[in-house]
Amino acid sequence: PIPLNQIHRWVLHLETADGADVADAELALKGGMRAHNHGLPTDPLVSTYLGNGNYQVEGVRFHMQGDWELYLSIQSKGQSDTLTIVVKL
């Protein structure tokens, strides 16, 4: 389970549809609870590219139980994409 009211550090792995690692992308992470109409209580940062398609994410904190949505914006080599990650606490 994901603990409440703690700062999380995650590793996010990105691949293309054909399984190739996505290297040196520009990433932005935001999120919130749609049902409560508010965002995250922190401003997460994708801080470091770790190699092999892995990125360090820091500063994610959930302060209440419920359905959270995280929105990841990805830009790499002139292409862009978005991803929604649903987290149920």
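Trainee: How many bridges join β4 to strand β5, and in which sense do the two run?

Mentor: Strands of a sheet pair through backbone hydrogen bonds, either parallel or antiparallel. Here β4 and strand β5 (residues 54–60) run antiparallel and are joined by 5 bridges. A strand is a DSSP run of E with at least two residues, numbered from the N terminus, and two strands pair if DSSP finds at least two bridges between them. The model is a predicted one, in which local features need pLDDT of at least 70, side-chain atom pairs count only at pLDDT 80 or more, and totals for chains, interfaces and linings use all residues. Residues are numbered from 1 along each chain as its sequence is written, and side-chain values use heavy atoms, with hydrogens and water left out.

Trainee: Which residue is the bridge partner of Tyr-49 in β5?

Mentor: Tyr-49 has Tyr-55 of β5 as its bridge partner.

Trainee: What is the strand order of the open sheet of 3 strands?

Mentor: The order is β1-β5-β4, and the pairing is antiparallel. Because β1 (8–13) and β4 (45–51) stand at the edges with a single partner strand each, one side of each is left without a neighbour in the sheet. On average, neighbouring strands of this sheet are turned by 25 degrees against each other, direction ignored; the axes are lines fitted to C-alpha atoms, and angles run from 0 to 180 degrees between N-to-C directions.

Trainee: Which backbone oxygen does the side chain of His-8 reach?

Mentor: The side chain of His-8 reaches the backbone oxygen of Gln-6, at 3.3 Å.

Trainee: Which strands does β2 pair with?

Mentor: Strand β2 (residues 26–33) runs antiparallel to β6, and 7 bridges join the two. Within β6, Glu-69 stands opposite Gly-32. β2 also pairs in the antiparallel sense with strand β3 (residues 38–39), over 2 bridges. Here His-38 in β3 stands opposite Met-33.

Trainee: How many residues lie between β2 and β3 in their hairpin, and which residue in the turn has a positive phi?

Mentor: The hairpin of β2 and β3 has 4 residues between the strands. In the turn, Asn-37 has a positive phi of about 55 degrees.

Conventions. A polar contact is a pair of N or O atoms within 3.5 Å; within protein, one must be able to donate a hydrogen and the other to accept it, and residues adjacent in sequence count only if both atoms are side-chain atoms.
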